[in-house]
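Visitor: I've got a model open and want to talk through its sheet. Can you take me through the pairing?
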Amino acid sequence: GDRHVTAENLHDEAQAAGIKVSLATVYNTLHQFTDSGLLRQVVVDASRSYFDTNIGDHQHFYSEDDSRLIDIPGDSIEVSGVPVPPKGTQIERVDVVIRLKRN
């Protein structure tokens, strides 16, 4: 199913399942899957990124209280005012992360 995982979480799951693999190998594999279009990387800040198995059109809520990503269906949000990209480039996609915090 659709999941949002960090390399560290996935490494912990592998270790718990008795699979001996280095954290570097997990990172490298996740990045290879992302480069191949099998995963989507969602960067929430400079020190934390998630790998998303849902590569379809959607955006995210990020719960700062429990470091959790929640999908927002792609047709639930509109982005307007996107600037024209520099000459020789094109917009691949626009990522929106809406940060949540309990009051």
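Visitor: How many bridges pair strand 1 and strand 3, and in which sense?
Guide: Strand 1 and strand 3 pair over 2 bridges, in the antiparallel sense. This is a predicted model.

Visitor: Which residue in strand 3 is the bridge partner of Val-5?
Guide: Phe-51 is the strand 3 partner of Val-5.

Visitor: OK, and what joins strand 2 to strand 3?
Guide: There are 5 bridges between strand 2 and strand 3, the latter covering residues 48–52, and the two run antiparallel.

Visitor: How many residues lie between strand 2 and strand 3?
Guide: 2 residues lie between them, and the two strands form a hairpin.

Visitor: Stepping back, what is the strand order in the sheet?
Guide: The order is 1-3-2, in an open sheet of 3 strands with antiparallel pairing. Strand 1 (4–5) and strand 2 (40–45) are the edge strands, each pairing on one side only.

Visitor: Changing topic: is strand 3 largely enclosed or largely open, and why?
Guide: Strand 3 is largely enclosed by the rest of the structure, because 4 of its 5 residues are buried. Buried here means under 20% relative accessible area.

Note on methods: Residues are numbered from 1 along each chain as its sequence is written. This is a predicted model: local features need pLDDT of at least 70, side-chain atom pairs count only at pLDDT 80 or more; totals for chains, interfaces and linings use all residues. Side-chain values use heavy atoms; hydrogens and water are left out. Two strands pair if DSSP finds at least two bridges between them. Buried means under 20% relative accessible area, exposed over 50%, partly exposed in between (1.4 Å probe, protein chains only).
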